[in-house]
Amino acid sequence: MSYLGVGVSPGNVPVYHGTNLKVIDRRVRVAELVLRCLICGLSVLAAVLVGTDTQIKEIFTIQKKARFTDMKALVFLVAANGITAAYSLVQGVRCVVGMVRGSVLFSRPLALAIFSGDQALAYLNVVAVGAAAQSAAFAKLGQTKLQWMVICNMYGKFCNQIGEGIAVSLLVSICMVGLSCISAFGLFRLYGSNKAKNKSGW
């Protein structure tokens with residue numbers, strides 16, 4: 001009997017073990033649901049940390065307010081986290097509905113759409129974190145050749161909270177990569193199941 005829930009009897013008659021397939025699918029769906037809920041919560045947290053971060057510094061009687069909109073990379077990071085949170089919420093509801101109904105995902109187009117969406121969001125988060133981390137490095141270390149001053153010396157609190165937001169976003173990216181692996185398994189097991197059926201003569 002294969003892990004796909006498809007077995008062959010001694011008489012070469014294909015036997016489908018639907019119960020085993022449902023057990024595997026349920027375990028995968030539970031792991032998927034936990035990851036999606038975690039991603040949704042962490043994405044909201046990262047967006048709030050970065051989006052609400054401000055600090056006012058007085059320079060020669062002139063007040064200068066630092067906010068996340070001063071860096072386009074941070075705006076991109078907040079937008080990416082917002083999109084990820086909304087997407088994870090929708091997919092989480094889908095997982096809950098599927099678990100309550102006890103249904104198994106057999107639709108290839110739906111599995112492909114889920115896999116493509118997870119892949120796109122994983123790439124989006126990795127790119128957003130990379131861009132934000134690079135901008136944060138310039139703000140923390142400066143760039144003498146380009147005469148960019150060290151911003152974090154003046155806006156320490158602002159930079160620290162931004163760093164926390166980027167760290168949380170990095171966790172989101174890691175979780176999205178793991179989730180992409182799960183959705184890939186959910187997609188390719190359908191093709192593997194069909195291949196097993198063809199070898200059995202169906």
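Guide: Helix α1 (residues 18-51) holds both Glu32 and Arg36, which are four residues apart, or about one turn of the helix. The model is predicted.

Visitor: How is such a pair read, and what joins the side chains of Glu32 and Arg36?

Guide: In general, side chains of opposite charge can pair when their charged atoms come close. Here the side chains of Glu32 and Arg36 form a salt bridge, with N to O at 2.9 Å.

Visitor: Are Glu32 and Arg36 buried or exposed?

Guide: Glu32 and Arg36 are both buried. The cut-off for that term is under 20% relative accessible area. Glu32 counts as buried because its relative accessibility is 10%.

Visitor: With which other residue does Glu32 form a salt bridge?

Guide: The partner is Arg94, and the closest N and O atoms of this pair are 2.6 Å apart.

Visitor: Why does Arg94 get the label partly exposed?

Guide: Partly exposed covers the range between buried, under 20%, and exposed, over 50%. Arg94 has a relative accessible area of 23%, so the label is partly exposed.

Visitor: Which residue has a side chain in polar contact with that of Asp118?

Guide: Ser183, at 3.2 Å. Ser183 is part of helix α4 (residues 156-199) and is buried, with a relative accessible area of 9%. A polar atom of the Ser183 side chain also lies 2.9 Å from the backbone oxygen of Ser180.

Visitor: What separation is there between the C-alpha atoms of Leu38 and Met176?

Guide: The C-alpha atoms are 10.0 Å apart, while the two residues are 138 residues apart along the chain. Leu38 lies in helix α1, and counts as partly exposed at 40% relative accessibility.

Visitor: Turning to the record, where does UniProt place the feature "transmembrane region"?

Guide: The unreviewed UniProt entry gives residues 33-52, 73-100, 120-141 and 162-188. Such an annotation can be set beside the secondary structure of the model. Residues 33-52 are 95% helix and 0% strand, with end C-alpha atoms 28 Å apart. Residues 73-100 are 100% helix and 0% strand, and their end C-alpha atoms lie 40 Å apart.

Visitor: What volume does the largest pocket have, and which residues are closest to its centre?

Guide: The largest pocket contains about 190 Å³ of space. Twelve residues line this pocket, and Lys64, Ala66, Asp70, Ile151 and Tyr155 are the closest to its centre.

Visitor: Which element gives the largest share of the lining of the largest pocket, and how do the lining residues divide by type?

Guide: Strand β4 (residues 62-67) supplies the largest share, four residues. By type, the lining of the largest pocket has eight nonpolar residues, four charged and no polar.

Technical notes. Residues are numbered from 1 along each chain as its sequence is written. This is a predicted model: local features need pLDDT of at least 70, side-chain atom pairs count only at pLDDT 80 or more; totals for chains, interfaces and linings use all residues. Side-chain values use heavy atoms; hydrogens and water are left out. On a 1 Å grid over the protein atoms alone, a cavity is a set of points where a 1.4 Å probe fits but cannot get out, and a pocket is an open set with protein on both sides within 12 Å along at least five of seven lines; lining residues have an atom within 4 Å of a point. Grid points are joined across faces, edges and corners, and a volume is the space filled by probe spheres set on the points. Helices (H or I, at least four residues) and strands (E, at least two) are DSSP runs, numbered from the N terminus. Ala, Val, Leu, Ile, Met, Phe, Trp, Tyr, Cys and Pro count as nonpolar, Asp, Glu, Lys and Arg as charged, and the others, Gly among them, as polar. A salt bridge is a side-chain nitrogen of Lys or Arg within 4 Å of a carboxyl oxygen of Asp or Glu. Buried means under 20% relative accessible area, exposed over 50%, partly exposed in between (1.4 Å probe, protein chains only). UniProt positions are given in the numbering used here, feature names are shortened, and annotations may be inferred rather than shown by experiment. A polar contact is a pair of N or O atoms within 3.5 Å; within protein, one must be able to donate a hydrogen and the other to accept it, and residues adjacent in sequence count only if both atoms are side-chain atoms.
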